[in-house]
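I opened a new notebook page for this structure.

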Amino acid sequence: MRIIYLFVAILLTSSCGNQVIRSDKPQYDGLNQAQVYYNSQDYTNAAQAYMQLYRQYGNTDFAIFAADSYLQMAQNQQAKEILSNLPQINPTDNPLYELVWAELNISENNYNIILNNIEGEYRPRYLQLKASIDQYNNNYINAALALIELSELDPMRANLGDIINNLLLTSEEQLSQALFNSDLSQLQQGWLEAAFIASSQEQS
């Protein structure tokens, strides 16, 4: 008899579990529309939609997307207020959170920022921010390398003039040392070799 009860209990537990994880039931009403607004750069409606989702469900991801939407509209104070009122978040757990805070800091001329390495869909945005921070702190070679990688991932974001300017500000010795970096891409290697040759010719 106990075996029968145990078997029934397992079946009931399995049934409840299946109801929880059903993929055909939308988890958040209104999320698809908010994503459409955000992806189409309709940030006014995106901010409102994500804030409504955050108030309704309490998911901090929605608040972060709302803050980013305000940031994209240059409404930095609104973005800052949203992030400031969130529970403590580990930046490594949410790349967008880290990027929005970094951009808000840079908008206030605070470049004393250490960004965690970000891969995936946010990497182009990370590289652009990293280049700005490195350039401000006179790390021209790192700024150039970030911008070169950015030009590979997202040519529309890249500025060849910025790459050239950063390489021109890099010493011949730094260029020579950087060329031994085995992690360089073929494009980065090509840029550095060209810059090194140009620098050597100027010195001769």
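Entry one, the largest pocket. I am working with a predicted model. I looked up the volume of the largest pocket and found about 500 Å³. Its lining has 20 residues, and I noted those closest to the centre: Tyr38, Asp68, Tyr122, Arg125 and Arg157. I sorted the lining by class and got eight nonpolar, six polar and six charged residues. Helices H2 (31-39), H3, H4, H6 (95-107) and H7 (123-136) each supply at least two residues of this lining. Which helix gives the most to it? I found that H7 does, with five residues.

I put down H11 as giving the most, with seven residues. By class I listed eight nonpolar, four polar and two charged residues for the second largest pocket.

I looked up H3 (residues 43-57) and H4 (residues 60-72), which pack at an angle of about 160° with their axes 8 Å apart. An angle over 145 degrees counts as roughly antiparallel, so H3 is roughly antiparallel to H4. I recorded their crossing as left-handed. Residues making the contact include Tyr43, Ala46 and Tyr50 of H3 and Phe62, Phe65 and Tyr70 of H4. I classed the residues of this contact as 13 nonpolar, three polar and no charged.

Methods:
Residues are numbered from 1 along each chain as its sequence is written. This is a predicted model: local features need pLDDT of at least 70, side-chain atom pairs count only at pLDDT 80 or more; totals for chains, interfaces and linings use all residues. Side-chain values use heavy atoms; hydrogens and water are left out. Axes are lines fitted to C-alpha atoms, for helices over the stretch in contact, and angles run from 0 to 180 degrees between N-to-C directions. Helices (H or I, at least four residues) and strands (E, at least two) are DSSP runs, numbered from the N terminus. Angles under 35 degrees count as roughly parallel, over 145 as roughly antiparallel, 65 to 115 as roughly perpendicular and the rest as oblique. A crossing is left-handed if the near helix is turned anticlockwise from the far one by less than a right angle, and right-handed if clockwise. Contact means heavy atoms within 4.5 Å. Ala, Val, Leu, Ile, Met, Phe, Trp, Tyr, Cys and Pro count as nonpolar, Asp, Glu, Lys and Arg as charged, and the others, Gly among them, as polar. On a 1 Å grid over the protein atoms alone, a cavity is a set of points where a 1.4 Å probe fits but cannot get out, and a pocket is an open set with protein on both sides within 12 Å along at least five of seven lines; lining residues have an atom within 4 Å of a point. Grid points are joined across faces, edges and corners, and a volume is the space filled by probe spheres set on the points.
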